[in-house]
Amino acid sequence: MSEQVTYDEVEVGAELPEVSYPVTRLSLVKYCGASGDFNFIHWNERIAKLVGLPDVIAHGMFTMAQAGRYVTDWAGPQAVVTEFGVRFSAMVVVPDDDKGATIEVSGRVTDKLAGNLVGLALTARSAGDKVLTRATAVVRLP
Amino acid sequence: MAVNRDYAGRTFPVSEPYEVSRVKIAEFATAIGDPNPLYRDKAAAQAAGHPDVIAPPTFAIVISMASSAVAMGDPGLGLNYAMVVHGEQRFEYARPIVAGDVLTAQPTITEIRDAGRNVMLTTSTQIRTVEGELVCTAVGTLVERGVGQ
């Protein structure tokens with residue numbers, strides 16, 4: 001479990017360190033089962049290509065979940081997420097090999113609000129593309 | 001087949017109650033690769049002030065998708081699901097989802113609009129306990145990619 005961040009110690013403008021998260025075909029199969037989203041494009045290369053995609057792509061929500069993990073790991077166990085939103089700007093293409101793809105997430109503190117709320121802006125990249133834009137979260141810190 | 005614009009503004013029925021289990025939360029946390037003990041260990045969750053294990057923030061999509069699948073699969077809507085990708089997603093949380101919650105979801109299609117060859121379909125879903133407490137509002141935009149792209 002991560003360290004606990006407190007509202008008082010957070011400074012607006014602070015850059016949060018980048019973290020890299022792996023995603024493989026197995027990740028997507030697990031995510032299909034856990035989420036109930038069995039859209040073919042997330043596990044079937046034949047159909048993904050048939051509908052014009054370069055290969056199997058990650059669920060947008062899998063990518064968002066990695067950004068969510070980034071936020072909760074930074075914020076610590078006593079924090080609560082009150083808002084979380086993203087726009088999916090590029091696909092995370094997941095090749096059928098042992099390596100898969102990676103999603104690199106970084107963040108910045110944008111606001112300190114009343115009620116111990118802290119706003120974050122997030123960035124997520126994969127294979128050089130920005131895969132999330134307008135990604136923001138608000139957390140309540142102790 | 002084209003997306004039926006008449007569905008904009010339509011509110012769908014409240015979903016069947018969904019009982020959030022510790023096992024399902026742990027399965028979801030494992031699937032996203034997150035080892036956080038708040039999602040598995042009741043004592044750790046209680047030490048952080050929660051009544052039981054909590055769900056990761058994006059777990060709310062499981063509840064909202066189960067309800068909106070009915071709406072998105074409505075043959076009258078005419079959405080071609082193989083051509084659909086996720087455009088945007090936003091959650092506002094009144095509190096975390098906790099194991100033991102019995103939740104319902106009610107989706108409303110708030111907007112259907114064209115963006116070039118694509119069609120953007122936005123749904124707002126209120127997730128409430130069966131007692132009526134609002135837990136989360138999920139707003140999602142799906143993109144049906146146009147033919148020829």
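Predicted model: local features only at pLDDT ≥ 70, side-chain atom pairs only at ≥ 80, totals over all residues.
Chain A has 142 residues, and 40% of them count as buried. As for how the chain folds back on itself, take the contacts in chain A with a separation of 6 or more: 66% of these link residues 24 or more positions apart.

Strand β1 of chain A (residues 15-23) runs antiparallel to strand β3 of chain A (residues 101-113), with seven bridges joining the two. One position to look at in this pair is V19(A), which sits opposite V105(A) in β3(A). On to the next pairing: β3(A) is also joined, again antiparallel, to strand β4 of chain A (residues 117-126), this time through nine bridges. Here S106(A) faces T123(A) in β4(A). β3(A) and β4(A) make up a hairpin, with three residues between the strands. In the turn, G115(A) has a positive phi of about 75°.

Now for the place where the chains meet. The contact involves 34 residues of chain A and 32 residues of chain B. On the chain A side, the elements that give two or more residues are α1 (25-35), α3 (60-75) and β2. Of these, β2(A) supplies the largest share, nine residues. Sorted by class, the chain A side has 17 nonpolar residues, 12 polar ones and five charged ones.

The strands carry on across the chain boundary. Strand β2 of chain A (residues 80-88) pairs with strand β2 of chain B (residues 84-93), in the antiparallel sense and over five bridges. Within this pairing, V86(A) stands opposite Q89(B) in β2(B), while R87(A) has E88(B) as its bridge partner. β2(B) also has a partner inside its own chain: strand β5 of chain B (residues 134-144) pairs with β2(B) in the antiparallel sense, over nine bridges. In that pairing, V85(B) lies opposite V143(B) in β5(B).

Just after the helix, G33(B) takes a positive phi of about 75°.

A66(B) belongs to helix α3 of chain B. Is A66(B) buried, partly exposed or exposed? With 17 other C-beta atoms within 10 Å, A66(B) is partly exposed, because being buried takes 20 or more and being exposed takes 12 or fewer. Leaving out residues up to four places away in sequence, A66(B) touches G36(A) from the other chain as well as S15(B), Y18(B) and A105(B). Of these, Y18(B) is 48 residues from A66(B) in sequence, yet the C-alpha atoms of the two are 9.1 Å apart in space.

The other residue, G100(B), is placed in the loop between β2 and β3 (102-115) of chain B. G100(B) counts as exposed, because it has 12 C-beta neighbours inside 10 Å. V20(B) is 80 residues away from G100(B) along the sequence, but from C-alpha to C-alpha the two are 5.4 Å apart.

Definitions and conventions. Residues numbered from 1 in each chain as written. Chains lettered and ligands numbered in written order. Pairing = 2+ DSSP bridges. Helix = DSSP H or I, 4+ residues; strand = E, 2+ residues; numbered from the N terminus. Contact = placed C-beta atoms within 7 Å. Nonpolar A, V, L, I, M, F, W, Y, C, P; charged D, E, K, R; others polar.
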